[in-house]
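Subject: Structure handover and notes

Dear colleague,

Please read them with the structure open beside you.

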Amino acid sequence: MPDTASGTFDVKWSLPPLTLRQVPTAVTQVKVAGKLLVTGGTHADLDKPGANVTANNTSVPSAQVTSTVTVTATTGGKVTVKPSTEASSLRLSLANATSTTDATLCTTTSTESVEVTVGQGNGTGTGTDILSYVCRPGTTSSTDPEANVDIKVLLTMPTTARANEDASITWASTIQTTGDQLKAPAAGLPTGSKLFATVKATGGGAPATATGEVAMSATTAGQAITTLPNVTVKLKPTTTGTVTVTPGDLAIGTSATSPAIKCTAPTSGLKTYTLTVSAATASPSPTPTPTPTPTPTPTKTTPRPTRTKTEIVTVSPTKRASKTPKAGADTGGGGDIGPDGRMFVLAGSLLIIAAGAGGLVMRRRGISRS
């Protein structure tokens with residue numbers, strides 16, 4: 001039992017190895033029923049399965065089971081727990097027994113008791129962190145026995161949680177020597193196995209559960225798992241306020257939904273942790289982006305040839321007196337027609353002379369042929 005507690009806490013019953021009177025013909029479990037005498041609280045009578053029993057074997061391994069005490073004493077008081085001296089206060093039988101006579105009834109005269117101080121304990125996060133996990137193989141067809149493993153769980157909460165942002169919770173686990181060993185199943189832990197840790201949350205618009213994961217080393221069949229790595233669990237609250245967090249289940253394997261080992265946390269007596277959620281970080285006002293001044297795109301032009309301006313100069317020819325003989329042939333403008341006109345007259349004269357010369361040649365050739 002814990003040293004201090006409030007609300008509820010678990011009482012662990014450790015059962016030694018047992019020997020059956022008769023050889024079982026089928027696989028079953030030991031059924032444990034027990035009573036406690038409690039002052040300062042109430043006890044829910046124990047009625048749970050214990051160690052697994054294999055067929056054709058009278059040996060039963062040791063086991064541990066838990067029952068729950070609800071605290072009624074006030075803070076600062078004590079809860080006293082001791083075995084009930086009532087006749088047959090402890091009853092052991094097989095789960096598949098068909099007769100009430102197939103049981104072993106035990107009575108104690110012990111007056112030994114244990115005191116638990118009523119304080120903040122598991123209820124507000126300052127008491128014991130040790131939880132009794134019930135660990136079973138992940139497959140229902142496995143014949144591996146379940147184990148009651150004591151695991152110390154410590155959650156470290158963030159101090160700057162904000163709405164709509166992930167809050168990182170660090171989960172540290174330490175396997176205790178007070179409970180059963182946590183062993184790899186008959187098939188071992190496959191390569192790529194991980195430890196999955198789940199927390200439960202209320203308040204602050206947080207999801208009901210959040211799960212983190214971390215890599216685990218491969219383990220051979222039946223090998224004891226003595227250490228567990230730390231896990232980071234990210235929880236995203238959506239509103240301001242207080243979020244209350246409690247440890248949840250553990251799973252080991254390649255998948256959280258189909259693990260090789262599943263360890264179920266107790267439903268009561270859980271230590272609680274809180275984190276305060278502040279308003280979301282204000283988004284900075286966007287800086288206006290200046291509109292760029294468009295740069296004119298140069299138009300591609302085909303170069304055109306440069307024309308040289310030709311100046312036309314009109315030259316007035318110097319008038320010359322006509323030297324045409326009096327009463328001679330009228331030849332036209334003469335000197336008054338300008339140099340261009342004289343060029344045409346000269347060209348015409350040359351053509352006439354050439355024609356005449358040509359005719360003379362032809363005539364001469366014609367005479368030669370005769």
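Predicted model: local features only at pLDDT ≥ 70, side-chain atom pairs only at ≥ 80, totals over all residues.

Residues are numbered from 1 along each chain as its sequence is written, and side-chain values use heavy atoms, with hydrogens and water left out.

The disulfide

A disulfide is a covalent bond between the sulfur atoms of two cysteines; for the assignment here, the two sulfur atoms have to lie within 2.5 Å. The structure holds 1 disulfide, and it joins C135 to C263 with an S to S distance of 2.1 Å. C135 belongs to strand β14 (residues 130-137) and C263 to strand β22 (residues 261-264), so the bond ties together parts that are 128 residues apart in sequence. Strands, like helices, are DSSP runs numbered from the N terminus, with at least two residues (E) for a strand and at least four (H or I) for a helix. Because the torsion about the S-S bond of C135 and C263 is about 115°, the disulfide is right-handed.

Another cysteine, C106, counts as partly exposed at 25% relative accessibility.

The salt bridges

Side chains of opposite charge can pair when their charged atoms come close. A salt bridge is counted here when a side-chain nitrogen of Lys or Arg lies within 4 Å of a carboxyl oxygen of Asp or Glu, and the structure holds 5 of them.

- K12 is partly exposed, with a relative accessible area of 28%, whereas D150 is buried at 1%.
- K271 and D129 meet at 2.3 Å. K271 lies in the loop between β22 and β23 (273-278), and D129 in the loop between α1 (121-124) and β14, so the pair ties together parts that are 142 residues apart in sequence. K271 is buried at 7% relative accessibility, and D129 is buried at 11%.
- K194 and E213 meet at 2.6 Å, which joins strand β18 (residues 194-202), where K194 sits, to strand β19 (residues 209-215), where E213 sits, 19 residues apart. K194 is partly exposed at 29%, and E213 is partly exposed at 44%.

Two loop residues

E146 is found in the loop between β14 and β15, and its relative accessible area of 14% makes it buried. Its side chain makes a polar contact with the side chain of R136 at 2.8 Å; such a contact is a pair of N or O atoms within 3.5 Å, and within protein one must be able to donate a hydrogen and the other to accept it, while residues adjacent in sequence count only if both atoms are side-chain atoms. Leaving aside residues up to four places away in sequence, E146 touches Q29, P49, G50, N52, V134, C135 and R136, where contact means heavy atoms within 4.5 Å.

S84 lies in the loop between β10 (78-83) and β11 (90-94) and counts as buried at 10% relative accessibility. The side chain of S84 reaches the backbone nitrogen of E86 at 3.1 Å. With the same exclusion of residues up to four places away in sequence, S84 touches K35, L36, L37, S89 and T108.

An open sheet of 3 strands runs in the order β2-β9-β6, with antiparallel pairing, two strands being paired if DSSP finds at least two bridges between them. The edge strands are β2 (8-15) and β6 (41-43), each of which pairs on one side only. Strand β6 and strand β9 (residues 63-71) pair over 3 bridges, and H43 stands opposite V69 in β9.

Note on methods
Buried < 20%, exposed > 50% of the residue type's maximum accessible area, 1.4 Å probe, protein only.
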